[in-house]
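These are notes for a colleague opening this structure for the first time. Please keep the sequence and the model side by side while reading.

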4 protein chains.
Amino acid sequence: MSKVFDAAEVAKHNSAESCWVVLYGKVYDVTDFLSSHPGGVKAILRLAGADATEEYDPIHPPGILEENLKPEALLGTIDPETLPKPAAGEQSQGEAEGPPPMESLFNLDEIEQVATKQVSRKAWAYYYSASDDLATKRFNTEVYRSILLRPRVFIDVAKCDLSTSVVGQKIGLPIFVAPAAMARLGHPAGEAGIAEACRSFGAMQVISNNASMSPEQIVENAAPDQVFGWQLYVQVDRKKSEAMLARINKLKAIKFIVLTLDAPVPGKREDDLRSDIIASIPASSRVVTKKEENQSDTLPDGTPVPKEGGGGVGAQLFAGTECSLTWKETLPWLAKHTDLPIILKGLQAHEDAYLASQFTPQVKGIILSNHGGRALDTAPPAIHTLLEIRKYCPEVLEKLEVWVDGGVRRGTDVVKALCLGARAVGIGRPALWGLGAGGVAGVHRTLEILAEETRTCMRLLGVEKVEDLGLQHINTRIVEQQIYDGPSQLGGLVSQLRAKL
Amino acid sequence: MSKVFDAAEVAKHNSAESCWVVLYGKVYDVTDFLSSHPGGVKAILRLAGADATEEYDPIHPPGILEENLKPEALLGTIDPETLPKPAAGEQSQGEAEGPPPMESLFNLDEIEQVATKQVSRKAWAYYYSASDDLATKRFNTEVYRSILLRPRVFIDVAKCDLSTSVVGQKIGLPIFVAPAAMARLGHPAGEAGIAEACRSFGAMQVISNNASMSPEQIVENAAPDQVFGWQLYVQVDRKKSEAMLARINKLKAIKFIVLTLDAPVPGKREDDLRSDIIASIPASSRVVTKKEENQSDTLPDGTPVPKEGGGGVGAQLFAGTECSLTWKETLPWLAKHTDLPIILKGLQAHEDAYLASQFTPQVKGIILSNHGGRALDTAPPAIHTLLEIRKYCPEVLEKLEVWVDGGVRRGTDVVKALCLGARAVGIGRPALWGLGAGGVAGVHRTLEILAEETRTCMRLLGVEKVEDLGLQHINTRIVEQQIYDGPSQLGGLVSQLRAKL
Amino acid sequence: MSKVFDAAEVAKHNSAESCWVVLYGKVYDVTDFLSSHPGGVKAILRLAGADATEEYDPIHPPGILEENLKPEALLGTIDPETLPKPAAGEQSQGEAEGPPPMESLFNLDEIEQVATKQVSRKAWAYYYSASDDLATKRFNTEVYRSILLRPRVFIDVAKCDLSTSVVGQKIGLPIFVAPAAMARLGHPAGEAGIAEACRSFGAMQVISNNASMSPEQIVENAAPDQVFGWQLYVQVDRKKSEAMLARINKLKAIKFIVLTLDAPVPGKREDDLRSDIIASIPASSRVVTKKEENQSDTLPDGTPVPKEGGGGVGAQLFAGTECSLTWKETLPWLAKHTDLPIILKGLQAHEDAYLASQFTPQVKGIILSNHGGRALDTAPPAIHTLLEIRKYCPEVLEKLEVWVDGGVRRGTDVVKALCLGARAVGIGRPALWGLGAGGVAGVHRTLEILAEETRTCMRLLGVEKVEDLGLQHINTRIVEQQIYDGPSQLGGLVSQLRAKL
Amino acid sequence: MSKVFDAAEVAKHNSAESCWVVLYGKVYDVTDFLSSHPGGVKAILRLAGADATEEYDPIHPPGILEENLKPEALLGTIDPETLPKPAAGEQSQGEAEGPPPMESLFNLDEIEQVATKQVSRKAWAYYYSASDDLATKRFNTEVYRSILLRPRVFIDVAKCDLSTSVVGQKIGLPIFVAPAAMARLGHPAGEAGIAEACRSFGAMQVISNNASMSPEQIVENAAPDQVFGWQLYVQVDRKKSEAMLARINKLKAIKFIVLTLDAPVPGKREDDLRSDIIASIPASSRVVTKKEENQSDTLPDGTPVPKEGGGGVGAQLFAGTECSLTWKETLPWLAKHTDLPIILKGLQAHEDAYLASQFTPQVKGIILSNHGGRALDTAPPAIHTLLEIRKYCPEVLEKLEVWVDGGVRRGTDVVKALCLGARAVGIGRPALWGLGAGGVAGVHRTLEILAEETRTCMRLLGVEKVEDLGLQHINTRIVEQQIYDGPSQLGGLVSQLRAKL
């Protein structure tokens, strides 16, 4: 174990036949591990024979290396003098000076602008990207602008209380941090930093299945009454998911499981793909072995393997995700492995909301979400789905908690969603931009701005408590002209489902 | 009193423990006054130990200093030689040369452009700013563009008369100057200058509660038949409001009270906030004492105290304003302290218009207003509320005078509002921009342009008198597709109100 | 008469007390004429004491000088050597080189771009300008874009015939040149040049009341079957209009009278006003006498006299126009002075179209027009009025010929108007831009492009003859959502009118 | 035949009286051929006396020269030394370096951008151009963006199959290459290159009547089950069309005939016209003979012959096309000359779709198309026509296969059209841009991107097979508000048609 390698020797092992990488100053032989890497073979081969620490670190939770490699894979240490010096500024777009004081930023757009300059191009591309032409991403925000508010007068607004409850837990804000992967790409404080910022507000956080820290680390410093959820992407290898659920069940801070359904296959996030391809071009030491080239270029179902690089951070995270979940099979399986309340995330049609309401009491709620516009472009914003539910099957709102996310940038957006019946409103990118802009302080500022804006809006509407917000406070006439008007499949689907069960 | 201080000595008293300021060449100890300053502690502390005249002067009515400080607070005079010289151009964006001749400006946009160059950045930010993304500010103007006119032919239009009447008073124009604070920020002629310009047109002016001149000064040179109103923000300390009403009751020129309801808490005007923070950064002599920092950073209701500077001019003006007015309490209180007709300002929902109509005869009218887009972003423009009243409770138009303001930039806008049943149409920012661009002559030009445009429009519609304008002269079909369509609470609210009374 | 003046002597007579001007090398004393100048006193005083030829020539028909001045007003001739040399490029924005070949221009926008560079700034401003924010001018064109066509297949389109007839006259194109004033501002060929271009196409031309050439000159070289109309603005001094009608009645080429109704007072054309004010500033020799300044600055009806210069070309042309025409008085008066068919121009509401249909057979047709957006901004485009007529009183289309103008830039626009029932489609600015771009050849190219585009469109719709175009060829669904939906005054107005007659 | 000419001698024969051209190093006397050139006299005269190879080659199929010229027209060869050297970069806008790797391009817009730089200006203008203001071209794409998708969850999407069938033929993709002329203008691989790319995907290709290669060449290397169609523009000289059909009938790879109906006359494609005029200006050796100038400048039906150059590539291709096709005559004639299934292309109104459905079984399908926006501007996109058919005569979808083309840029567009009932979705320009960007690899990448996007979209909708896509997967509410609502002529037209037959 005390063997010291120099970089030139490591560099020879740059193929699928013999693949070494340097991580945190140590040299590993990962040849045998290649085929079981969740992020795919290519993601490793691109770094074969080189120091992979900078790429590896922000997207892998600590400890996962030891979990996955056999002890004998560790060959020794690298002589750091022999490694090439990193080119200045290669990874970061950050300006030499740091970010401005967080309190000088007045809204979430400004925070995003600061973060854009602070984080690496790769992080920016992963966070910013959405599918195809970003139409749904834009529409997620615009739809809020087209709803008007109806302020009322002569109402005592001295008091205003933002607290509410979800799945039986009291929370300080109706705003939660939606599961968003890879926080450490943007800032070393990572998901634990988000948790720290949430603590001051009693805000709820849903931990991403693809967090760059372990759930234990994230909840480690939580307040006693702080509320977390954990997001599950079911893996093809169910045992892995079951093991993970067992770990989660032990964490008292985690109060519910969010099962993500809106991305059985990854959307086409071109900025993320592009960032990946750009990264892959200048690296002269990166190789693709002959053998790799000869591999079949279609998957069993005929899907072509993407030719370009690793397919971006997003595609790597998807590796191993199960794409054949069903109402009939998946929910019973999940219920067997956890007693926590289940929230289904990613519903985009009233039919699915209705179906979900047939699965109480295990299923306690749904999150209307289009995955931040990252799955299918021209998918409807959550507000559309919410209005669609109100039109076709309003009883769902009685049976389930309905949460929303996507496009929220202002307190008025939060209030509008609450008026339509949402129980809680999630922010994904804004939390990551906050983190990227200023670490814990940036997330804190993000929540502070949204909370203040929400409170100002409620008071100008003459409303003291979250539960008093209602349809009478908003004018949705413009949006209603866009809501689905076609055939509903409610009846048929339910009988079909029953027949199968 | 003849003691002469030099600036270095004054500069030592720059904390909450000992706070001196220089005003108009005199040195005051304001330590004891700090906590009762309506604009907040910080606004003074930022100028502690320094000459505050330039900041103080344009936003305080003359005489108010003497009213509020005890005689012993006056310590002596400053040796002017010892004061630092003001950096050239620090405050003003104005070009070296003055504005162009007012008669070379053809519309209100051009006047705003000239004013933007003439006034200080702080004044610009205070006047220009609106809440959040300025969506309502923009929509206020755009909604007029989406209404079409219906010109008629073969009608004798040799004569055209713009005069009308409000609350029983004859006025020369259906256009009035809405209450807009801090006119002296933009031009030394201040609110009295606006009054002078109004005189030539027989135009009505509503004096802001936060005027930078006293009401007595403003009406001093009024014509005998000139009509003024006075705007009231009810203070937490009701005695102050009562004392002010007693003063107003004595001024014969003031014919009615406008009670502002649309801003119980200040909106988030980022340009104004930003201007404040920018101003606070370069001032090396400005300090925040340790004690200040230790103060609680939430208000009793949990509202966080804004961290950034003083919160802009707008937030300072709001200090001390009562946010718990109600139909039940406030109107009887007000009626006890004045016999003047009451106009309620800031109604944005038909329910509130209907409720107001239950309070005749004390309440004579309402102003549909969203505070120039400065309170709640995505609130509806006054035209929406007017169409909503027509849809749900048109009888309100019989019982109350309905005035509007917000977004008016063209004579055609004025005519459209009148066609929909508005009795008078207010301009806020345009009067301030006129003043900023050219003082009295600028306001005069503003009113002249609007009056001429209004007259041209009426003649091309074939209408001689204001009262002959009607629904047949406009096509509102596009706007009607956006009007609130949801549940009305007319019935319930009125019974609820009756029960309480 | 042989007396020769030098410029310095003329320059002394630069006031209302003694006002001389130089025109075509001759010196005139126009002091006595000042008050009767149709374009107003100021327009002359601005040129007092100077050579006015360049400004006078393009906007006055030849011979009008002699008609209006007494013989003794001619004082002598100017010594040309003593006149100041014109500054290069003062008047023209034209590039040194001339315009490109007309056949290299493919559409009307390109022709406008070329003309913009070729003509003087004053001409550009007069032609380009429209009222206020140019919203109606833009909307005139956009409304055509929002109508879709419905091409049909398997129809023999070998033949296509653009000829049609109006007021019983056969014409070669359904496209006519609408009355547009001051053609010689743009090109010396003037209105006669437009007539020459029309001749090749059998196109109809309506001669403006404010043409820069006399009607006799314009029709002088007309083809035997060429069709002209003459536009009448009724003058306050009816005798002048009657004399003019007597002249028109004698011209066999003129087949009808167009009575303009949509501009009883001038709209606010800011580009034109601005051009005027710019022109007035640098001229050091231009004066306004003390006496002038003391004149009342309101008209009898209270309209303020515009302070700025002469009010643009447009306002000068309006001087003397009657603004009190009525159905009851004006039509009988006109019928007494001409036997020609009458076309009423400028109708913008279905009520007026219906009223017009009560005045057959004298009134043969109406032109739906908003004066090219030059009268009232946010007035409806002609297509709106046409759809409004179809909605409320389609029988009008049986009783009257309905023509339209405004915003036409493509052959598809022409076809769309014809499909909706228009009998002929007018172009105003495009003819002037054509003239400005290339004189006769430019107008010819303009008509050629429109005719070719119209023919291509008709053939792709599968239509051979103008009269076969119909509602089945267009999809107006988007526009129909904007058509007036309010109260119609048809019944009431007709009875009211009958009562008065 | 061995005679060698030098360029100076050839240059003398540059008129309609004696017209020589150099092609592929040989000198031809084409004087007698001039009047029968399908592309018009001028197209040849512009190159008279010069080497025409560069212009001729990419737009003429090989072998056509020999077919059309008599043997004695070949005079000899040119001495290449005597020809002028081509100016560098005259034809191509291409950058010195070639295109980027195709796999670095992620969407069709990026491929178009690369192609724009790679191809000659003439090719760009011909491919890019659309009629008038390109409104329909833009609308073709935008209409897809305004349709929303309705993703479903909890559906097993492990499998996804893009194969489908048309006219009884199995194809690998529901995406086909629409007939688009002149592929060799963009890349020497030409239409055969497109065929090669299609082969990998089992994609269908419709060969343009105006292909720059012969049908035999294009299908030469086809896979046994590869499907082609052939597009017919009926020629005025029917014998030519009949001869061509006889050739087509012999090619087993061609499975159907597409009869194009949407362009009986060419649309006005200004970019193409402009490219032509630009090309014609600098060529000093190009002449138009006196005789040519004296030719009549109108066609028998009165259409003016375009003055400007040859009218662009588009207009040249149209020469000789029959514009008097009818239901009654043309279909029986066509059925006499081929037994292949007939597809009618270019239908844009439900009435024509209905009429087509009366001509089964010869007519098997229709292509809803506006010719890529190249025929009539403001014509409806295919999606409009499809919705119109669903509204007025949905039974057409049972009787005929309905294909669409125009504006498709994303897999989501493909899916939306399929959901509405389209059987196949064509791409025209994207195939040509692919070819221009990277030859065969560029077309391959284009199809690969679309196929992958289509598959991702289907899986996120929870759909495994093309035939399972339906109305429940899309929200067309916005578009439905724009669909034709006017009088349908179904009944009348059919009886009219029957009467004629």
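1. Between chains B and A, 41 residues of chain B are in contact with 34 residues of chain A; two residues are in contact if their C-beta atoms, placed from the backbone, lie within 7 Å. On the side of chain B that touches chain A, helix H11 (270-280), helix H14 (327-337) and strand E12 (342-347) each supply at least two residues. H11(B) gives the most, with 4 residues. Helices (H or I, at least four residues) and strands (E, at least two) are DSSP runs, numbered from the N terminus.

2. This is a predicted model: local features need pLDDT of at least 70, side-chain atom pairs count only at pLDDT 80 or more, and totals for chains, interfaces and linings use all residues. Residues are numbered from 1 along each chain as its sequence is written, and chains are lettered from A and ligands numbered from 1 in the order in which they are written.

3. The predictor gives the complex an ipTM of 0.87 and a pTM of 0.89. Chain A has a mean pLDDT (the predictor's confidence in each residue, from 0 to 100) of 88, and 89% of its residues reach 70 or more.

4. In chain A, pLDDT stays under 50 over residues 88-95 and over residues 280-310. The model has 51 contacts beyond four places in sequence for residues 280-310 of chain A. Where pLDDT is low, the predicted coordinates should not be read in detail.

5. Helix H16 (residues 382-392) of chain D is largely enclosed by the rest of the structure, because 8 of its 11 residues are buried (20 or more other C-beta atoms within 10 Å of the residue's own, C-beta atoms being placed from the backbone). Among the buried residues of H16(D) are Ala382(D), His384(D) and Glu388(D).

Definitions and conventions: A residue is buried if 20 or more other C-beta atoms lie within 10 Å of its own, exposed if 12 or fewer, and partly exposed in between; C-beta atoms are placed from the backbone.
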